[in-house]
Amino acid sequence: MALPPRDFSTIGPREGTRFPEVVLPDQHGVTMDLHAARGGRRALVVFYRSADW
Amino acid sequence: MAVLRAFANKQAIAFPLLSDEGSHVMRRLGLLNERVQEDHAAYGIKPDPRHTNLPYPGVFVLDEAGVIVAKRFHESYRERDSGAALLAQTLRVLEPRPPRAADFPGPSIVVGAWLDSPTYSFFQRMHLNLELRLAPGFRIGAPGAPHGIAPLTVQVAETPGVEAGAAEWPDAEESRRAGQDGPALMHGGTIRGLVPLTFAAAPGAGDLLVTATVSYQLRDDAGRLLEPSSVEVRVCVSELAMVDRALPVRQGA
């Protein structure tokens with residue numbers, strides 16, 4: 001059984017837009033502001049399924 | 001957070017891992033996959049209460065201003081980029097030549113070759129890195145050079161379980177000035193190229209040998225062409241078990 005293809009360009013924030021503000025705790029419990037942490041540098045934001053299984 | 005800390009420690013991860021407890025950010029960003037169970041069923045994965053509130057796995061590439069310049073999402077959960085491949089393809093950050101790189105000499109050229117990683121796991125994507133070092137005073141026909149000189153090409157030998165994509169090279173220099181119709185050449189010195197590879201061998205396939213033939217033609221500073229030539233490069237890659245999953249035992253292994 002094959003999955004129906006998805007159009008990922010319309011899933012989540014679009015290309016050409018500023019990545020939304022994200023403030024979340026990191027693995028040490030320290031609150032991190034994504035854009036502030038970049039400090040004007042380029043960045044990769046990776047979403048992954050799980051670190052648990 | 002404890003799960004992330006344990007994972008970061010185990011995998012020696014130094015970059016920040018953010019905890020989206022309750023999946024609020026994923027939901028706000030529209031990245032929550034509402035069809036996880038359905039997707040998993042398509043791959044023969046049984047329902048599991050932990051497999052909920054999951055994002056579509058993917059990567060956003062941000063420029064200096066935080067604007068999204070590229071998105072990389074894979075349809076199949078199995079396809080993953082190696083870290084080095086991701087950096088090379090998205091940010092054009094090429095890793096320095098690692099000590100494991102091997103050199104393969106040819107006429108007036110030495111081709112260094114290595115993979116992003118000395119190991120692969122099932123459905124991993126990485127690159128064959130090629131570093132062409134030309135003898136002083138020589139330039140090389142660019143990929144796709146239409147005439148006048150043989151173009152630079154890479155042919156990855158058919159290897160079961162390895163799928164090769166199109167090679168990526170830097171742009172050719174502007175050799176055709178107004179009124180001139182010379183061959184398209186690449187700069188001399190050192191040229192770095194990348195050939196994307198996907199390792200689709202079934203788990204347990206073991207070590208693999210990737211062989212590729214680099215074909216080229218050189219031109220010297222006086223405009224003389226050398227005979228077209230080629231260099232064969234060979235790199236070994238060993239299989240790595242997926243995180244927390246042992247490799248199947250091979251028959252006769």
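Tutor: Start with one pair of residues: Phe138(B) has Asp220(B) as its bridge partner in E14(B). The model is predicted, so local features need pLDDT of at least 70 and side-chain atom pairs count only at pLDDT 80 or more, while totals for chains, interfaces and linings use all residues. Residues are numbered from 1 along each chain as its sequence is written, chains are lettered from A and ligands numbered from 1 in the order in which they are written, and side-chain values use heavy atoms, without hydrogens or water.

Strand E8 (residues 138–141) of chain B is joined to E14(B) by 3 bridges, and the two run antiparallel. Strands here are DSSP runs (E) of at least two residues, and helices are runs (H or I) of at least four, both numbered from the N terminus. Two strands pair if DSSP finds at least two bridges between them. The open sheet has 3 strands in the order E11-E8-E14 (chain B), with antiparallel pairing. Its edge strands, each pairing on one side only, are E11 (185–186) and E14 (218–220) of chain B. In general, strands of a sheet pair through backbone hydrogen bonds, either parallel or antiparallel.

Two other strands of chain B, E9 (153–156) and E10 (162–164), each supply at least two residues of the lining of the second largest pocket. A pocket is an open set of points on a 1 Å grid over the protein atoms alone, where a 1.4 Å probe fits, with protein on both sides within 12 Å along at least five of seven lines; lining residues have an atom within 4 Å of a point. Of the 15 lining residues, Gln155(B), Val156(B), Ala157(B), Ala164(B) and Gly165(B) lie nearest the centre. E9(B) gives the largest share, 4 residues.

Next comes helix H1 (residues 2–11) of chain B, whose buried residues are Leu4(B), Phe7(B) and Ala8(B). Seen down the axis of H1(B), these residues fall within an arc of 100°, so they line one face of the helix; the arc is that of the directions from the helix axis to the C-beta atoms. Ala2(B), Asn9(B) and Lys10(B) are exposed on the other side of H1(B). Buried means under 20% relative accessible area, exposed over 50%, and partly exposed in between (1.4 Å probe, protein chains only). After H1(B) comes Ala12(B), with a positive phi near 55°.

Lastly, Arg35(B) sits in the loop between helix H2 (24–29) and helix H3 (36–42) of chain B. Arg35(B) counts as partly exposed because its relative accessibility is 28%.
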